[in-house]
Amino acid sequence: FKIRVIISASMFGDADTSQVIATSQGSSAVHTTATLRTISTGQPLTLPFYDTFLSMTVNVGWWVYNHGATIDDLAKNPPSPLYALRLNGDPVGADTIMSQEINLNVAQGVNLTYAYEQTGGGEPPDSADDLYVEYLNDGGQWKILKQHSGADGDMSNFAVVSVGLPTDAHHAAFRLRIRNTAMVGAVDDWFVDNVRIDYGPDVSLSPLSFSQTVLKGDSVYDQLLITNTGQGGLSYSLVAVPILSSIFDRLVQEGRVNQYSYPKGWTEYREAKGDNTVRLGPEVVYNAGGPDAWGNIWIDSDETGGPTYSWIDIEATGTDITSGLKDDNFIGPFPLPFAFPFYDSSYTKFYVGSNGLFGFGPTTNYETWNHVALPNTWSTTPKNVICWCWDDLNILDADSPGGKVVYETVGSDFVIEYARYPEYDLAINPGHVITAEIILSPNGNIKLQYQMIAPGFDILGNTVGIQDRTGTMGMTVAINTDYLHNSLAVQIFKPKPWLFAVPSSGEVPAGQSALVQLIFSGVDLDTGSYQAGLKVSSNDPDSADALQTIPAYLQVAPLYICGD
C-alpha cells in the first residue's frame with residue numbers, strides 16, 4: 001500500500017504546532033492523524049558556558065539533545081558535590097549529550113575544561129567502551145577532541161582536562177558533544193563534571209630563572225609573579241622536580257639515559273600462562289633512566305661511578321614468610337620498621353606477590369603474572385608496587401625446591417631476600433631460579449640487587465620497575481629484554497625536595513597577577529650545588545605556554561662557627 005502524508009503547521013509564540021495526516025492511497029477511509037509540537041531552542045549561547053550539574057535535572061536550555069545521560073550522586077568525590085553527569089549505556093546502549101549552539105566566532109583563544117572519572121562508584125567500563133569529547137567544526141563535522149579509554153584503570157577521584165579549542169571550532173554554530181560507547185544493557189560508568197567553555201588566559205611568568213645561596217640547615221625565600229593578560233580565568237599548578245645526581249645530570253647531557261618507546265599495539269600484548277614465547281621489549285642501551293613524573297631516576301652498577309653491588313645475606317637470620325606463598329597469590333600485610341615514602345604517601349606495611357611483586361596496597365591484582373610496561377592505569381594492573389622481577393613465577397615448582405623469602409632490618413635499612421625463587425614451568429626444568437633482594441632506605445631510595453640468575457631462568461620475559469597507587473606515575477627499568485645478570489645493582493633514587501611553592505596551585509582572574517612564594521630550603525642537604533626545574537602548568541590554550549619549566553639553582557654553604 002501507499003501512504004500520502006499531509007503536514008499543516010501554525011506558530012504560537014515560541015512553539016511550532018504541526019498536524020500530520022497519513023492516508024492510504026488505496027483507501028481514503030484508512031487514515032490517521034498526529035500532532036507534533038516543536039519548541040525553539042533559542043539563540044546560540046555566548047561565553048562563558050559553565051555547567052556544574054548541581055541538580056539531578058539536565059538543563060535543556062544548555063543541552064538540547066540527550067540520549068541516556070543522567071545526573072546522579074554515584075560518582076566518587078565530584079569537584080562540585082553532590083552530583084555529576086553519568087554516561088553508562090544502560091539501557092539504551094551508548095549515551096550521548098549535545099550542547100546548544102555556542103557562538104565561538106571570536107578571534108581569541110578559547111578553552112574547554114572538564115573533569116572526568118572512570119567507574120567511580122559504578123561499574124568499570126569494558127576495554128572497548130570509551131568516553132569521547134567532541135566538537136562540531138566550521139564544516140559541520142564532528143571532531144574528537146579527547147578520547148578516554150575504557151582499558152584504563154578505575155578512578156576514585158576526578159581528573160581535570162583543559163584544552164585549547166582548535167581554529168576550526170571558532171565559529172558561530174559550535175556545539176559540544178560528550179558520548180560513550182557501550183553495549184545495550186551493559187553498565188559502563190563514566191562521570192563528567194564542571195564543563196566549562198570560556199576565553200583562554202594568557203600566562204606570563206617572571207622571573208624566568210632563580211638562583212639562591214643558603215647556609216646549611218637554613219632557608220631563603222623568593223617570589224614568582226604569575227600574570228594573566230588574557231580574557232579568561234587562569235588556573236595554574238607548580239611542581240618542583242629536583243635533578244638528583246651529578247652522575248645522572250652528566251648522563252643526560254651526554255644523551256646516555258634510556259628513553260623507551262613501544263610500537264603501536266605492543267603494550268596491549270598478553271602472553272598465555274605457560275607460554276614462554278614473549279614479545280621482546282626495547283633494549284636497555286644505557287645504565288640509567290628516568291625521571292618519571294614524580295622525579296624518580298635509576299642508575300645501575302654497570303655505570304662508572306654508579307651504585308655498588310654489595311649483597312646483604314639474610315637468608316639464615318631473616319623472618320621466613322615462604323610458607324604463605326603459592327602459585328599466583330599474595331601474602332601480607334607485614335610490618336616495615338619505618339614509614340617508607342613512596343611517591344605521594346608513606347607506608348608502614350607491605351605485601352608480597354608470588355610473581356615478583358612487592359607492594360604497599362591496595363592489593364587488587366597482586367596475584368597477577370601477566371606483566372606490562374609501567375606506568376599503566378589499566379584496572380587489571382597492580383598498583384603501588386616495586387617489580388623486582390614481575391613474571392610468571394612459582395615458589396612451589398617441584399623441579400626447584402628450597403626457595404625462600406625472608407625479611408630483616410639491617411642497620412637503618414629494610415631488606416627482603418628472594419632466595420632461589422623458581423619461575424613457573426610445566427616442563428621438567430630443574431634449577432630455573434633467581435636470587436635477588438630489595439633494600440628500602442628511610443629516605444625513600446630503593447636498591448634492587450641480583451646475586452644469581454641460573455642458566456635455565458628465562459630473563460627475556462619480565463618487568464623491572466615501579467608504579468604509584470594510581471598507575472599514572474612510574475617507570476620501567478627493563479621489560480622483556482636481556483638486562484638482568486649476576487651481581488647487578490639497580491639504585492632507584494627518590495627526589496629530595498628542597499624547593500617549595502606556596503601556594504602550589506591557584507587561579508588568576510583576567511588582567512590580574514598573583515605572587516607565589518618560593519622557599520629554598522637547605523635543611524637536610526649537604527653542602528654543594530643543587531638544581532631543579534620548577535614546572536608551571538596552566539590552562540593557557542597555547543601549548544608552548546601551558547607547560548613551562550623555570551630552572552632553579554641552590555648553593556648550600558657550610559655553617560661556620562664564629563672564630564673558625
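Among contacts in the protein chain (heavy atoms within 4.5 Å) between residues at least 6 apart in sequence, 70% join residues at least 24 apart. The structure is a predicted model, in which local features need pLDDT of at least 70 and side-chain atom pairs count only at pLDDT 80 or more, whereas totals for chains, interfaces and linings use all residues. Residues are numbered from 1 along each chain as its sequence is written, and side-chain values use heavy atoms, with hydrogens and water left out.

The protein chain contains two helices and 37 strands, taken as DSSP runs numbered from the N terminus (helices H or I, at least four residues; strands E, at least two). Along the principal axes, the C-alpha trace spans about 100 × 70 × 40 Å. Of the 564 residues, 49% count as buried, where buried means under 20% relative accessible area, exposed over 50%, and partly exposed in between (1.4 Å probe, protein chains only).

The largest nonpolar core comprises 48 residues, and Trp388 and Leu440 have the most contacts inside it. Such a core is a set of buried Ala, Val, Leu, Ile, Met, Phe, Trp, Tyr and Cys residues joined through side-chain atoms within 4.5 Å. Strand 22 (residues 330–342) supplies the largest share of this core, six residues. Beyond residues up to four places away in sequence, the contacts of Trp388 include Leu357, Tyr418, Ile438 and Tyr450. A second, separate core of 35 residues includes Tyr83, Leu85, Leu104 and Phe174.

An open sheet is formed by four strands in the order 15-17-35-33, with antiparallel pairing; two strands pair if DSSP finds at least two bridges between them. Strand 15 (203–206) and strand 33 (499–502) each have a single partner strand and stand at the edges, so one side of each lacks a neighbour in the sheet. Neighbouring strands of this sheet are turned by 25 degrees against each other on average, direction ignored. Strands 15 and 17 (residues 219–228 for the latter) are joined by four bridges, and Ser206 has Leu225 of strand 17 as its bridge partner.

Ten salt bridges were found in the whole structure, each defined by a side-chain nitrogen of Lys or Arg within 4 Å of a carboxyl oxygen of Asp or Glu. One of these joins Glu134 and Arg177 (2.8 Å, N to O).

Arg256 lies in the loop between helix 1 (246–253) and strand 19 (288–289), and Glu303 in the loop between strand 20 (297–300) and strand 21 (319–320). Arg256 is partly exposed at 26% relative accessible area, whereas Glu303 is buried at 7%. Salt bridges with shared partners also join Asp72, Arg86 and Asp189 into one network.

Methods
Axes fitted to C-alpha atoms, helices over the stretch in contact; angles between N-to-C directions.
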